Amino acid sequence: MTVLVVLPVLLPLLAAALSLMAGRFPSVQRIIGVLVLAAIAAIAGALLYRADTEGPVVLQLGGYSAPFGITLVADRLAALLLLVSAIVTLAVLIFSIGQRITDYGRETASTAFHPVYLVLCAGVSLAYLTGDLFNLFVAFEIMLASSYVLITRRTTAARVKASMTYVIVSLTSSLLFITMIALVYAATGTINLAALPGEMAQLSPGVQSALGLFMLVVFGIKAALVPLHFWLPDSYPTAPAPVTALFAGLLTKVGVYALIRTQTLVFSHGVSWTLLLIVALLTMIIGGLGAIAQNDLNRMLSFLLVSHIGYMIFGLALFTVIGLAGAILYIVHHITVVTALFLVSGLITRHTGTVSLNTMSGVAKAYPLVAVLFALPALSLAGIPPFSGFVAKITLLQAGAEVGTTAAYAVTAAAVLTSLLTLFAVTKIWVGAFWGKVAPPHPDPDPTDELTVGTGSTSRGMLVSTGGVVVVTLLIAAFAGPLSEISERAADDLLEGGAYQTAVLGHEGGTP
């Protein structure tokens, strides 16, 4: 069973090499991608079952034991997020295949897309499974290098210019990340996540706080926390729909995962963290206000993405089992819902030729299936019962009320207000895009780039994959009970920390 831990990283890398060699055979590339991502989803399901029933699954690569070797760990949290991410990446790949066949024909090959996409998936898997900070850095670099290619390939000079914000911020974040690793190693002598709690406890409270804040900034940039979020609404909407959906659904959540992992395992927080509660509040409100001020569909969804990152940080900042369980539930819900909404946005722009809500209308009358595919995840994002967003938000509100501090009450109230702002924003999208007379599509301003709009054509693969993600959001609500129980057990593991350390080191604490 332990060998399964490395397969979600190894398989997509090997498949990327095979896909690159099969560049002249588009059908082979498509089959390789779909089969590998389906296999990763099955492996992630097996790892989740094993981690939930018998504890974390650990693999020490090369036979070197922790904290000296490279360790891969699949505990409940990592396996659960790996499973959800694998399902989403598979659905987005099917959408992309359908879109490319519709636009360029079945026999048109793509030398770069499939290999780069698979490398990105390998980076996401490594981020969840790695047991040390340096390989977490490597995972982020793999994701960033792949995302640079995906966001800038076959696009216009104007969009490349807009993407440069993403590139510059990402490089800055990487420099801060490697600096943070150097400081942690200088202070503790290790970067193994299981060994760090014991070594960190030997440091003075001031040094611990400084390192904790440094990690908050590094991962806060990647998670798009306010005020470090400015890069996201300018860069994500410039990419083609499936790429934007993948970035919005996964990449920021990997940043949130890194925050949860480090702040619960490495540092000790006996009570709620007021600074992080303030960050959560600002992220919710500023993101929500930014969303309702937009008339660009993709920018509005991007601001809503930022806003709802605040819910996850809210759960983390409480440092209680129910708070963390709510945060985990919210991540699972948000990955699927946001991915679905950006895929639907891609369908809308293909029919209307524009992302401006002021110049589109009548989508519900012309394409009722697209309207249904938008309405279900939109209601879930707004937290309307009985959808998955309602379950996750209720858990977080309960957690905030139980902590009972002034800051916790303030963020709880902000969470309710943000739900109303979200409902207003998705209603604005509905009124602008779906109501009214059917408007003729706007012509594609640049038919030669990857971002094809206004064609009015969609394939069965695009609709089926989007519908599949929407169905997953409904299944999350239908199985909210078992998911909540797994999330609570994962949250208990995170706060207690002993199971993770014992599985990796063979004992609790630092290096013996």
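Trainee: Is tyrosine 128 buried or exposed?
Mentor: Tyrosine 128 is buried, because its relative accessible area is 0%. Buried means under 20%, exposed over 50% and partly exposed in between, with a 1.4 Å probe and protein chains only. This is a predicted model: local features need pLDDT of at least 70, side-chain atom pairs count only at pLDDT 80 or more, and totals for chains, interfaces and linings use all residues. Residues are numbered from 1 along each chain as its sequence is written, and side-chain values use heavy atoms, without hydrogens and water.

Trainee: How many aromatic pairs are there?
Mentor: The structure holds 13. Rings of Phe, Tyr and Trp (its six-membered ring) pair if their centres lie within 6.5 Å; planes under 30 degrees apart are stacked, over 60 edge-to-face, the rest tilted.

Trainee: What are the centre distance and plane angle for tyrosine 128 and tyrosine 257?
Mentor: Their ring centres are 5.2 Å apart and the planes stand at 90°, so the pair is edge-to-face. Tyrosine 257 is buried too, at 3%.

Trainee: Which aromatic pair does phenylalanine 374 form?
Mentor: Phenylalanine 374 pairs with tryptophan 430, and the two are stacked: 6.4 Å centre to centre, 20° between the planes. Phenylalanine 374 counts as buried at 2%. Tryptophan 430 is partly exposed, at 23%.

Trainee: New topic. Which residues do ring pairs link into a cluster?
Mentor: Phe134, Phe137, Phe140, Phe177 and Phe219.

Trainee: What sits over the ring of phenylalanine 140?
Mentor: The charged end of lysine 222, 4.8 Å from the ring centre. The cut-offs: NZ of Lys or CZ of Arg within 6 Å of the ring centre and within 35 degrees of the ring normal.
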